[in-house]
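Subject: Structure handover

Hello,

Here is the structure I promised to pass on. Please open it alongside this email.

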Amino acid sequence: TAGPEMAQGEFVKLCSEAARKQTDLEIEKIKKTFAAKAAALEKKIALQQQDVKEQQQEVDQRRIEELGAGGNLLLGMLTGRKRSINTNLSKRRMTSKSVSELEGEQKELDLLLKDQAELQAQMAAAIQEAEDRWGDKVMEVSEVPMTPQKKDIYTDLFGVAWLPYYQVNGQEVPAFEKP
C-alpha cells in the first residue's frame, strides 16, 4: 500500500508545481495588462496635477490683483481721488472664476486618483481569483479507471530471429557455434 500512496503523493506534487507555474504565468499576464492601464492613468494624473498647480498659481495671482485693486480703491477714497469700483468688481469676478476652475481641476484629479485606487483593487482581486482557481484545481484529484484496449497498443519495434539447427542422427546440432 505504500507504493500507490507514494505515487499519488508524487502526482499531487507534480500537479502543484504545474498549477504554481500556471498561476505565475497568469499573474504575469494580469500584471502586464494592468501595468499598461496604470501607466496611462499615472500619465493622466501627472498632467492633471500640473493643471491643478497652474490653476492654483492663477488663483493666487488673481487674489493678489484683487487685493491691489481694493487697496488702490481705498487709497483713492482716502486721498479724495475719484476711482471706479468696476475694476475692483471685475478683479473679484475673475478671482471667483479662477477659484471655481481650480475646484473643477481638483475634482477631476480626485476622480483620477479614485480610478487609480480602483484599478489597483481590481488587479489585486484578479490576482487573488487566479491564485484561488489554480489552488482549487490542485485539490481536484479523482481516479479514473482505464482499461487498455487492443487498438491503443502500438508496436515500436518488431523483428524475427532464426537460429538454424541441423538434424543429425535424431539430434539437433546448432549450425553455428555460440561465441
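Below is what was found in it.

First, the ground rules. This is a predicted model, in which local features need pLDDT of at least 70 and side-chain atom pairs count only at pLDDT 80 or more, while totals for chains, interfaces and linings use all residues. Residues are numbered from 1 along each chain as its sequence is written, and side-chain values use heavy atoms, with hydrogens and water left out.

Overall layout

The protein chain has 2 helices and 2 strands. These are DSSP runs numbered from the N terminus: helices are H or I with at least four residues, strands are E with at least two. Along the sequence the pattern reads α-α-β-β. Of the 179 residues, 15% count as buried. Buried means under 20% relative accessible area, exposed means over 50%, and partly exposed lies in between (1.4 Å probe, protein chains only). The chain exposes about 15,000 Å², and carbon and sulfur atoms supply 57% of that. Areas come from the Shrake-Rupley method with a 1.4 Å probe; for residues, only the protein chains shown count as cover.

Helices and core

The largest nonpolar core has 14 residues. Such a core is a set of buried Ala, Val, Leu, Ile, Met, Phe, Trp, Tyr and Cys residues joined through side-chain atoms within 4.5 Å. Ile30, Phe34, Leu41 and Ile45 have the most contacts inside it. Helix 1 (2-79) and helix 2 (85-139) each supply at least two residues of this core.

Two residues show contacts (heavy atoms within 4.5 Å). Residues up to four places away in sequence are not counted. Leu41 touches Leu112, Asp115, Gln116 and Leu119. Gln55 sits in helix 1 and touches Ser98, Glu101, Leu102 and Glu105. Gln55 is buried, at 9% relative accessible area.

Strand 1 (residues 165-168) and strand 2 (residues 171-174) run antiparallel, joined by 4 bridges. Strands pair if DSSP finds at least two bridges between them. Tyr166 has Val173 in strand 2 as its bridge partner. The two strands form a hairpin with 2 residues between them. In the turn, Asn169 has a positive phi of about 50°.

Tyr165 belongs to strand 1 and is partly exposed, at 43% relative accessible area.

Best wishes
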